[in-house]
Amino acid sequence: MAYALQQLINGISLGMIYGLIAVGYTMVYGIIGMINFAHGDVFMIGAFIALITALLLSAGGMLDGPAAILLMLLISMAFTAFYGWTMERVAYRPLRGSFRLAPLITAIGLSIVLQNYVQVSQGARVKPMEALLPGGIEVMRDGGFVVQLSFTQMLIIGVTLAVLAVFTLLVTRTPLGRAMRACEQDRKMAALLGIDTDRTISLTFVIGAALAAVAGTMYLLRYGVIDFYIGFLAGVKAFTAAVLGGIGSLPGAVLGGLLIGLIETFWSAYFSVQYKDVAAFSILVLTLIFLPTGLLGRQEVEKV
Amino acid sequence: MKPPAARAHRDMILEVANLTMRFGGLTAVDRVSFTALRGEITALIGPNGAGKTTLFNCITGFYRPSEGAIRLHRPGALPVDLHRLAGYRIARSGVARTFQNIRLFPGMTALENLLVAQHNTLMAASGWAVGAVLGLSRYPAAERAAIEVARRWLLATHLLDRADDPAGALPYGAQRRLEIARAMCSSPGGPALLCLDEPAAGLNPRESEELARLLLEIRADGTSILLIEHDMGVVMKISDRVVVLDHGRRIADAAPAAVRSDPKVIAAYLGEEGEEE
């Protein structure tokens, strides 16, 4: 029981990270109908920028307390958002209107470019970082087993919920969000109403990248070790989450992320750690076969 | 009636000059020229395949014409070359349109559809959405004003009680009216030119009657209208001028009564022996 509770806590905090990345996948898919396979690497970039910020702060002797974490988060979001914007501008916009497969291939190419760029510029070795928020609170004690909710996990859950709340507000309550939904439903019509669709798409990439940066920073704080390759696995899992939740659906992405996080954690806790990725990806296969629209996805209606 | 010379420049809103649109070997619009006057309803009629919708698509930036020019004239401003502008800039210069097959945002409510149309005004007021999230700046006031405009047009189109229903769930006639309302919201103070592609298609006689009344109201409000329509009852009743296209060419351009008795128009609609000439 206590063991299961601990796994639940671990699973939720991991799932939140997947959820944040999955939102980026699903948003881009919603607006231009393309899977941005480089999105996982944007998450990796976010983690690296947070790490670099932390090292700079540490060199100045200021790596301490919530202000430092907030600064890491904000700087990572700002720079990663810029990466997102550049990516769309350089790699995807020129291909808009070409055949469907073209941007997909570019996305895979871009993913390789980003990985190698970080490998060359930052080195291939894993980068460790000291724990910024050691300790936690004891939730429950069952015999010898202590269920612990670490401060980092609390931070992850808190920050993710706050970021998602702001994001939801942005999409449902603001003209930018309305423009994004309009572009999603009928891009040409949106343009006819005076919406600058190119700019709206750019902003979608920017917001998606900023969310991935939050995920990257949280990942860094939680695991303390990153390398240039973390984006691949995290990206594919977040993609699985987006598909499971129903690609194109924002609440679906978060729900899918949580489920993948929980499945992965419980699988490693009760069955085998080595096969945790197999468990997560089997979900992708099963979803695609039996529930292609996902849990919260809309049925695709083809219109002529 | 005004003499043709006086028609030429003074009151012009839209000028189409030698417009040609080719799709590969097919010439859908062939050197068509006409003008639409400010404050008038200009109807564009012709048999199926005459090139009416293609012409509309050129005016609203869906297609880039192969040749020729489309200019929007607004009082106190330089003429705008619509054929050179990107789609969203055409909308911003004051041209709005509706579609033969309705193109609302089906997943958004009727009210939201009208708010999307006011995107530019709202976006400017919201300080790039940052203000809207934080509840700061002039945004709340701007949004109230936008909702007010939207409510006015919902009222005018008898849709006020359906404001919060998804647009896709509205009955057909209501969707047609909502599309017109949305076009009317797309520029502050209403668009300069409203292009309607078969607004009466699929409407019953009572609904057509209401539509005609709505269009006259819109004209009285200061918006000029360019109208494609097959329902001759509506066309003859509300149009100030009728331009007739056939096989991509302009075959008549006159007042409704004159067009109705024009032998070339009758021939185009009823078919004629030796049409090839």
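Me: In this predicted model, which residue of β4(B) is the bridge partner of Ala17(B)?
Reply: Strand β1 of chain B, residues 12-23, pairs with strand β4 of chain B, residues 67-72, in the antiparallel sense. Five bridges join this pair. Within β4(B), the partner of Ala17(B) is Ala69(B).

Me: Which strands of the open sheet in chain B stand at the edges?
Reply: The open sheet has four strands, and its pairing is antiparallel. The order of the strands in chain B is β2-β1-β4-β5. A strand at the edge has a single partner strand, so one side of that strand is left without a neighbour in the sheet; in chain B this applies to β2 (26-37) and β5 (80-81).

Me: Is Leu221(A) buried or exposed?
Reply: Leu221(A) is found in helix α8 of chain A, which covers residues 197-223. A residue counts as buried if 20 or more other C-beta atoms lie within 10 Å of its own. Leu221(A) has 24 other C-beta atoms within 10 Å, and therefore Leu221(A) is buried.

Me: Which residues does Leu221(A) touch, not counting residues up to four places away in sequence?
Reply: Residues up to four places away in sequence are left out of this list. The residues of chain A that Leu221(A) then touches are Leu132(A), Leu133(A), Thr152(A) and Leu155(A).

Me: How far apart are the end C-alpha atoms of residues 42-61 of chain A?
Reply: An unreviewed UniProt entry lists several stretches of chain A under "transmembrane region", including residues 12-35 and 42-61. Residues 12-35 of chain A are 88% helix and 0% strand, with end C-alpha atoms 25 Å apart. Residues 42-61 of chain A are 90% helix and 0% strand, and their end C-alpha atoms lie apart by 28 Å.

Me: Over which residues of chain B is the pLDDT below 50?
Reply: The mean pLDDT of chain B is 85, and 89% of its residues reach 70 or more. Where pLDDT is low, the predicted coordinates should not be read in detail. One stretch of chain B has three contacts in the model beyond near neighbours in sequence, and its pLDDT is below 50: residues 1-8.

Terms used
Residues numbered from 1 in each chain as written. Chains lettered and ligands numbered in written order. Predicted model: local features only at pLDDT ≥ 70, side-chain atom pairs only at ≥ 80, totals over all residues. UniProt positions renumbered as here; feature names shortened; annotations may be inferred. Helix = DSSP H or I, 4+ residues; strand = E, 2+ residues; numbered from the N terminus. pLDDT = per-residue confidence, 0-100. Contact = placed C-beta atoms within 7 Å. Pairing = 2+ DSSP bridges. Buried ≥ 20, exposed ≤ 12 C-beta atoms within 10 Å, placed from the backbone.
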